[in-house]
Amino acid sequence: MVPDPGRRIAWQNQLRTNQRVSSDNAAQYDRRRRRGRPASGLAGVLKLLLLVAVVVLLARNPGLRAELWTLAQNLGAYVQGLWADTRSG
């Protein structure tokens, strides 16, 4: 039996459409993924300066460092409690 040329053409067109949609989706995924790359240029330099400033501030002020450490420990305990409540049902 010889396949119907009209059906074959329709199938090929559908295949091309599916490939084009797949390619468009992949390109869109790549564009979205690139937005999450680390900052570069001026934004990266500003973030680095901010990080250095925080480290210097914490190094010069032991009281603040102790308070932040206590805050971090309390926050960790709180999150662990939430996690335990979630897992227990």
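This is a predicted model: local features need pLDDT of at least 70, side-chain atom pairs count only at pLDDT 80 or more; totals for chains, interfaces and linings use all residues.
What share of the 89 residues of the protein chain counts as buried? The answer is 0%, where buried stands for under 20% relative accessible area, exposed for over 50% and partly exposed for what lies in between, with a 1.4 Å probe and protein chains only. Residues are numbered from 1 along each chain as its sequence is written, and side-chain values use heavy atoms, leaving out hydrogens and water.

The accessible surface of the chain comes to about 8,400 Å² (Shrake-Rupley method, 1.4 Å probe), and 61% of that surface belongs to carbon and sulfur atoms.

As for the fold, the chain has three helices and zero strands, helices being DSSP runs of H or I with at least four residues and strands runs of E with at least two, and along the sequence the pattern reads α-α-α.

Helix H2 covers residues 42-60 and includes Val56, which counts as partly exposed because its relative accessibility is 37%.

Finally, H2 packs with helix H3, residues 62-88, at an angle of about 110°, their axes 5 Å apart, so H2 is roughly perpendicular to H3, a label for angles of 65 to 115 degrees. The contact (heavy atoms within 4.5 Å) involves Leu57, Leu58, Ala59 and Arg60 of H2 and Pro62, Leu64, Arg65 and Leu68 of H3.

Note on methods:
Axes are lines fitted to C-alpha atoms, for helices over the stretch in contact, and angles run from 0 to 180 degrees between N-to-C directions. Angles under 35 degrees count as roughly parallel, over 145 as roughly antiparallel, 65 to 115 as roughly perpendicular and the rest as oblique.
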